[in-house]
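These are my notebook entries on one structure. I record what I looked up, entry by entry.

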Amino acid sequence: MEINCNGGESELFKKLHFQLLFFLLLIGLFSMVVNVGRVKAIGPIYIRADGTVDPPSAPIFTADNVTYVLTDNITVIDADGIIIERNNVVFDGAGYSIQGAGTWVGIGTYSLSVNVTIQNTQITGFYDGIRCGGRNSTVLRNRITAAQYGILDFKGSNISSYNIISGNIIADSFDGILIYRSCDNMISENLLENNQDGGIVLAPLSSNNTVTRNNLTRNNYGIGFLGSSRNNMYHNNFLHNTHQIYVGAAAANFLDDGYPSGGNYWSDYNGTDVFSGVYQNETGKDRIGDAPYVVDAYNVDRFPLIFPDLTVNDVSPCKTVVGRGYAMQINATVQNLQDFNETFNVVFSANMTIINETQMTLTNITSTTVTLLWNTSSFVYGNYTLEAIVDVVAEEVDYLNNNCTSIISVHVGVPGDVSSSTQGVYDMKCDMKDIAYLVILFNTKPTSPNWNPNADVDNNGVVSMIDIAIAILNFNKHE
Ligand SMILES: [Ca+2]
Ligand SMILES: [Ca+2]
Ligand SMILES: [Ca+2]
């Protein structure tokens with residue numbers, strides 16, 4: 001019994017032992033699977049002060065411990081991307097991307113580094129896209145999206161940094177470039193677009209920075225001086241930001257480069273250019289607005305720049321329903337906002353398919369209505385959004401207002417289908433309801449109180465027997 005019992009215990013133990021082994025094996029397999037899963041998401045990667053890349057398996061190549069080149073795309077989760085701890089180095093992304101999950105640092109430094117260049121990298125989904133501290137560093141031609149701060153340049157106190165931030169594209173982030181307690185930086189030729197807060201933000205204790213030749217486009221505000229003063233800002237293009245500039249308390253900055261070099265281009269500047277000279281009181285225009293662009297008493301662009309500017313203000317179809325194969329009129333209002341004679345093309349399209357292209361000339365500061373007869377023969381049944389686009393002419397800076405889309409769409413349907421059980425509403429088929437509706441509107445013209453242009457199927461300015469005949473010819477047809 002005892003033996004059996006012991007034997008039984010022994011069997012049970014063996015069984016348990018086997019189960020335990022199996023369980024441990026399972027855990028092992030599971031952790032391997034997890035490790036395999038983690039291999040994709042690497043980071044943080046360090047460029048250590050001694051020049052080594054840590055971990056060595058990271059896709060970064062260096063031959064001389066000076067230039068470090070990214071050789072593959074990187075995805076990181078819950079970690080920084082690449083942290084640079086070495087001075088006097090160039091990090092070249094070579095066009096590869098670093099993808100994060102919304103927090104941490106994409107690439108950069110936590111220390112006050114010296115002479116670090118970060119270039120040619122696509123960075124998306126980090127708290128700080130590029131974090132650049134210290135001095136004499138360069139952030140060049142990177143593309144950054146979905147960051148809290150696209151590029152953060154910090155020093156920690158208001159001392160000189162001499163960093164250069166140039167040629168970067170930063171879009172769809174919170175702030176594009178944030179300069180924090182950092183002086184004597186150059187911020188040039190960057191494109192800052194669609195950022196929720198500011199394009200460029202100069203936080204307190206940031207002074208003597210130069211901001212030039214940047215495009216600040218459709219941000220909440222283009223540039224913000226949050227109590228920062230004595231910064232120089234000129235030759236930038238401010239295009240359709242909700243607020244072109246935000247100036248916090250106790251900020252006084254230079255918003256132009258004197259005369260005749262000039263200040264900035266502001267898409268909401270509506271001054272004229274008739275005069276010239278430092279006081280804009282001499283005869284002859286000089287491509288500088290005659291009146292200053294005033295933000296407040298301490299922030300004035302004395303010499304706002306003037307460039308050619310064409311715009312399409314409106315596109316309106318004359319019908320909302322058109323029979324396929326028949327023509328309808330589309331009107332667009334095109335305006336030359338500045339005092340330059342311009343010859344350019346106007347292109348009309350329906351759902352991005354070009355309908356027509358016409359060349360025209362507009363002399364200084366004039367507006368005109370361009371009318372197009374759209375022949376719908378080659379278009380299939382369906383709803384169409386109409387658009388009119390004018391060329392961007394030489395030296396034109398504001399290209400954002402050169403197109404306009406119709407608010408209402410146009411339905412191309414069966415000729416004669418202009419009604420249904422709801423009068424005047426098409427239903428994708430032509431039947432007695434359409435004929436009855438055309439009879440009700442018989443003989444109406446544009447001057448008639450009950451005129452409905454959709455009922456004028458053949459587009460000749462009157463609802464006549466011809467329109468009824470078209471409906472009869474298409475009787476029982478449907479889309
Ligand atoms: Ca002038
Ligand atoms: Ca324009
Ligand atoms: Ca109908």
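**Entry 1: contacts and overall form**

Among contacts in the protein between residues at least 6 apart in sequence, what percentage join residues at least 24 apart? I noted 52%; two residues are in contact if their C-beta atoms, placed from the backbone, lie within 7 Å. The model is a predicted one, in which local features need pLDDT of at least 70 and side-chain atom pairs count only at pLDDT 80 or more, while totals for chains, interfaces and linings use all residues. Residues are numbered from 1 along each chain as its sequence is written, and chains are lettered from A and ligands numbered from 1 in the order in which they are written.

I looked up the radius of gyration, taken over C-alpha atoms, and found 33 Å for the protein. A compact globule of 479 residues would have a value near 23 Å, by the rule of 2.2 Å times the number of residues to the power 0.38. Along the principal axes, the C-alpha atoms fill a box of roughly 110 × 95 × 40 Å. I also noted that 39% of the 479 residues count as buried. A residue is buried if 20 or more other C-beta atoms lie within 10 Å of its own, exposed if 12 or fewer, and partly exposed in between, with C-beta atoms placed from the backbone.

**Entry 2: helices**

I found 3 helices and 43 strands in the protein. Helices (H or I, at least four residues) and strands (E, at least two) are DSSP runs, numbered from the N terminus.

How do α2 and α3 lie to each other, roughly parallel or roughly antiparallel? The axes of α2 (residues 432-440) and α3 (residues 465-473) come within 9 Å and cross at roughly 175 degrees. Axes are lines fitted to C-alpha atoms, for helices over the stretch in contact, and angles run from 0 to 180 degrees between N-to-C directions. The two helices are therefore roughly antiparallel; angles under 35 degrees count as roughly parallel, over 145 as roughly antiparallel, 65 to 115 as roughly perpendicular and the rest as oblique.

From α2, the contact uses Asp 434, Ile 435, Leu 438 and Val 439; from α3, Asp 467, Ile 468, Ala 471 and Ile 472. I sorted these residues into 6 nonpolar, no polar and 2 charged. Here Ala, Val, Leu, Ile, Met, Phe, Trp, Tyr, Cys and Pro count as nonpolar, Asp, Glu, Lys and Arg as charged, and the others, Gly among them, as polar.

**Entry 3: an open sheet**

I traced an open sheet of 3 strands in the order β34-β36-β39, with antiparallel pairing. Two strands pair if DSSP finds at least two bridges between them. Strands β34 (310-317) and β39 (366-375) are the edges, each pairing on one side only. On average, neighbouring strands of this sheet are turned by 20 degrees against each other, direction ignored. Between β36 (residues 327-336) and β39 I found 10 bridges. Gln 329 has Leu 373 of β39 as its bridge partner.

**Entry 4: backbone details**

Which peptide bond has omega of about 0 degrees? The cis bond joining Asp 54 and Pro 55 does, and Pro 55 lies in the loop between β2 (53-54) and β3 (60-62). The bond from Tyr 259 to Pro 260 is also cis, with omega near 5 degrees.

Asn 120 is not a glycine, yet its phi is positive, near 55 degrees. Asn 120 counts as partly exposed because it has 17 C-beta neighbours inside 10 Å.
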